[in-house]
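Here's a quick briefing to read alongside the sequence and the 3D view. Have a look around first, then come back to the points below.

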Amino acid sequence: MSLKTSNVIRKKGFATTLRTDKWWLYPGLVVFGLTAFLIYGFWSAWQADFYWYSAGQEGFGGYLAPFYSPLLFIKEGVEGAAPMQHALFGAWPTWWPSWLPPSPSLLILAIPGIFRFTCYYYRKAYYRAFTGTPPACAVGALPRKPKSGYKGETGLMIVQNLHRYAMYFAMLYIVVFFYDAYLSFFRGGEFGIGIGSVLLLGNPILLACYTFGCHSIRHLLSGRRDCYSCSMSGNIAHKNGKFVGWLNKRHELFAWLSLIWIMIADLYIRMVSMGNITDLNTWL
Ligand code: FES
């Protein structure tokens, strides 16, 4: 009996398993979710227009689509573009290749892209879902060449070590998005609230919950010490650790919530800017 069982367990091959639950559901949802996000993200970045809405009002305030924030340069004369005073460095640069659309989004997507791509949670998710190595616990992996085999995060995948540096830039994005949210509560200098403001405020809150649950931040704020009770800084590190640890346990949840939320906020503002939907707000 025991011999028979061990033979079954040793059965090899991609997706073979003794598991009887729906193990395939999770990698399937990851493939769907990340593919949808990537397609939408590249499509939105490529458009180069309709990323701003202020109902034609001059002055302070307006909605800025989050995939286009921060605005480093602005191309004038583009439909749905933000006023020039929102550009950090002014008018669109002449060195930009003509075969690329003049999209402020293409200039700034690399940092958040690298941050998410190298995140410890997303690594687990896409290694399982896209490369099947393995697709789930106790499920047969895609066969690999015996000689090259698994090399861990060496070779090309050494790029994953960029995560700890991308983390600092990701924190800047939280500040920028909070500023955009602040901007969205004004139109022509008048305070108000709209669906767009709520979406733009939720974006940095969820991004902060995701970012401060980062494993690198947990190490930075509460790791690297042998004794918490031996010094004042140890006590502070312990308190930080409790907060960051709470977020860290929910890192997967906030990874998805922040990803979906930013996509919805971006799409919403694009639709409002194009005139496809009407923003419900207190300025009407
Ligand atoms: S581990 Fe996920 S953001 Fe750093």
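Leaving aside its neighbours within four places in sequence, which residues is leucine 64 in contact with? They are Tyr51, Trp52, Ser69, Ala82, Asp180 and Leu183, where contact means that the C-beta atoms of two residues, placed from the backbone, lie within 7 Å. Keep in mind that this is a predicted model: local features need pLDDT of at least 70, side-chain atom pairs count only at pLDDT 80 or more, and totals for chains, interfaces and linings use all residues. Residues are numbered from 1 along each chain as its sequence is written.

**Overall layout**
- You'll find ten helices and four strands in the protein; these are DSSP runs, with helices being H or I of at least four residues and strands E of at least two, numbered from the N terminus.
- Along the sequence, the pattern goes α-α-β-β-α-α-α-α-β-β-α-α-α-α.

**The core**
- The largest nonpolar core has 46 residues; such a core is a set of buried Ala, Val, Leu, Ile, Met, Phe, Trp, Tyr and Cys residues joined through C-beta atoms within 7 Å.
- A residue is buried if 20 or more other C-beta atoms lie within 10 Å of its own, and 28% of the 284 residues in the protein are buried.
- Among the residues with the most contacts inside this core are Trp52, Tyr63 and Leu64.
- Helix α10 (251–274) is one of the elements that give two or more residues to the core, and α10 gives the most, with ten.

Notes: Buried ≥ 20, exposed ≤ 12 C-beta atoms within 10 Å, placed from the backbone.
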